Amino acid sequence: FDQDPRARQIGQRIKTVETPAGTVADRVFVDGLGREAYFRGYNVSGSVKLVSKGFLPFLDQDDARFGLGLLARNTGSNLLRYTLSWEGVQPRPGAEGIDYAYLEKLTAQIREAARNRLYVFLDYHWDIYTRHLYAPDSTYAGNGAPAWVTPASIYGAANCFDVMIPVPDLVLLLDGFGLPLFELEALLGLPVQDLLQTLVPDIAGLLPLPFPLPLCFSWSQYLLSSQSIRLAYYDFWRNAEVPTETGTVRVQDEFLRQLAATAGYLRSHLSAEEFDYVLGLQPFNEPYFGDGHASQAARFDNDYLWPFYRRVKAVLEAQGWGDKPVYAEPQVTWDTNAGITPATGGGYLEGERPGAAYVFAPHFYDAGRFGLNFT
């Protein structure tokens with residue numbers, strides 16, 4: 001069936017499975033011939049994080065042809081998580097700020113994936129939100145949002161530890177260091193958590209430190225203890241206004257503007273056969289709320305994260321992506337198993353379930369193995 005066009009067209013159906021607990025209905029991928037489709041593959045690639053690489057997975061189309069040809073022949077993979085960058089697509093604000101030369105290069109590289117019969121889902125890559133907020137002497141940096149949505153007049157310069165960690169995070173941080181709160185309370189004979197909650201409620205930006213502390217154990221610590229980074233994330237989810245050279249814009253609206261440009265460009269510049277190999281799009285790598293952590297997971301899911309994913313789906317449909325799903329990641333710490341960034345867990349979403357328009361796309365990090373929790 002290799003030459004049958006239906007064999008490359010991916011859809012979904014419901015599959016029923018008999019288990020000891022009874023019949024379970026599960027949604028699976030199928031091709032146009034009705035055969036169940038399985039995917040395995042690689043992230044392509046970390047160079048998207050680098051200015052020197054032009055925010056692209058490969059240097060150019062020849063490099064993509066060479067690399068993806070090797071991948072297809074030698075690994076048995078048929079799927080790529082194909083990363084791209086908001087900063088690459090829209091280096092300046094507004095519709096005039098879209099870099100169509102970047103989209104042309106990206107499209108050429110995706111065309112090489114299709115040539116090698118490698119499916120792709122596109123991933124807008126973010127690490128700690130942006131590379132533009134960090135202090136000049138910072139140990140770490142990030143990638144994702146362009147400079148014009150992270151003005152220093154609002155966010156200042158990010159330091160790894162410049163705000164008091166909210167109590168739910170602090171309690172679990174103590175546990176990560178092997179000092180559970182109940183033991184500390186027994187030792188001191190004081191209700192430590194109640195005292196801390198009075199001083200430091202679980203909201204971003206309430207209690208900045210008078211000066212940054214030189215305590216930076218991990219780049220992910222910025223999520224917990226950097227005022228600038230937490231506020232930048234929070235402003236994205238609440239679609240805050242920021243000043244730019246062309247006037248005031250709303251952060252999330254601008255992201256969706258360039259998403260529409262990217263989706264429309266790919267749809268119109270890939271052939272129908274090439275577009276069959278695009279499975280969908282992941283708009284946000286490692287989403288993090290900013291305004292609180294574990295105790296705010298339900299609020300984040302219902303009021304911010306899922307409304308954003310539904311906006312993304314509407315943009316894709318308007319650009320001719322039809323039933324291609326959104327690859328929806330939960331909060332990054334949904335399943336991370338370390339004391340410093342504990343799992344928030346799931347089950348918070350209320351009302352309408354996501355359904356076939358979305359693919360559940362979590363990360364899993366065994367953070368205890370490369371963090372500070374040695375248990």
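Select Y129 to start: in this predicted model, Y129 is buried, because its relative accessible area is 2%, where buried means under 20%. Its phi is near 75°, a positive value in a residue other than glycine.

Next, select R117. This residue also has a positive phi, near 55°, and is not glycine. Most residues other than glycine have a negative phi. R117 is found in the loop between helix 3 (100-115) and strand 5 (119-124).

Now go to V44 and S45. The peptide bond from V44 to S45 is cis, with omega near -10°. Most peptide bonds are trans. S45 lies in the loop between strand 3 and helix 1 (61-75).

The last stop is the largest pocket, which holds about 880 Å³ of space. To centre the view, select A328, V359, F360, A361 and P362, the closest to the pocket centre of the 44 residues that line it. Then colour the elements that give two or more residues to this lining: strand 2 (22-31), strand 3 (41-44), strand 4 (79-84), strand 8 (278-282), helix 12 (297-318), strand 9 (326-328) and strand 10 (358-360). Which element gives the largest share of the lining? Helix 12 does, with 5 residues. Finally, colour the lining by residue class: 26 residues are nonpolar, 11 polar and 7 charged.

Notes. Residues are numbered from 1 along each chain as its sequence is written. This is a predicted model: local features need pLDDT of at least 70, side-chain atom pairs count only at pLDDT 80 or more; totals for chains, interfaces and linings use all residues. Side-chain values use heavy atoms; hydrogens and water are left out. On a 1 Å grid over the protein atoms alone, a cavity is a set of points where a 1.4 Å probe fits but cannot get out, and a pocket is an open set with protein on both sides within 12 Å along at least five of seven lines; lining residues have an atom within 4 Å of a point. Grid points are joined across faces, edges and corners, and a volume is the space filled by probe spheres set on the points. Helices (H or I, at least four residues) and strands (E, at least two) are DSSP runs, numbered from the N terminus. Ala, Val, Leu, Ile, Met, Phe, Trp, Tyr, Cys and Pro count as nonpolar, Asp, Glu, Lys and Arg as charged, and the others, Gly among them, as polar. Buried means under 20% relative accessible area, exposed over 50%, partly exposed in between (1.4 Å probe, protein chains only).
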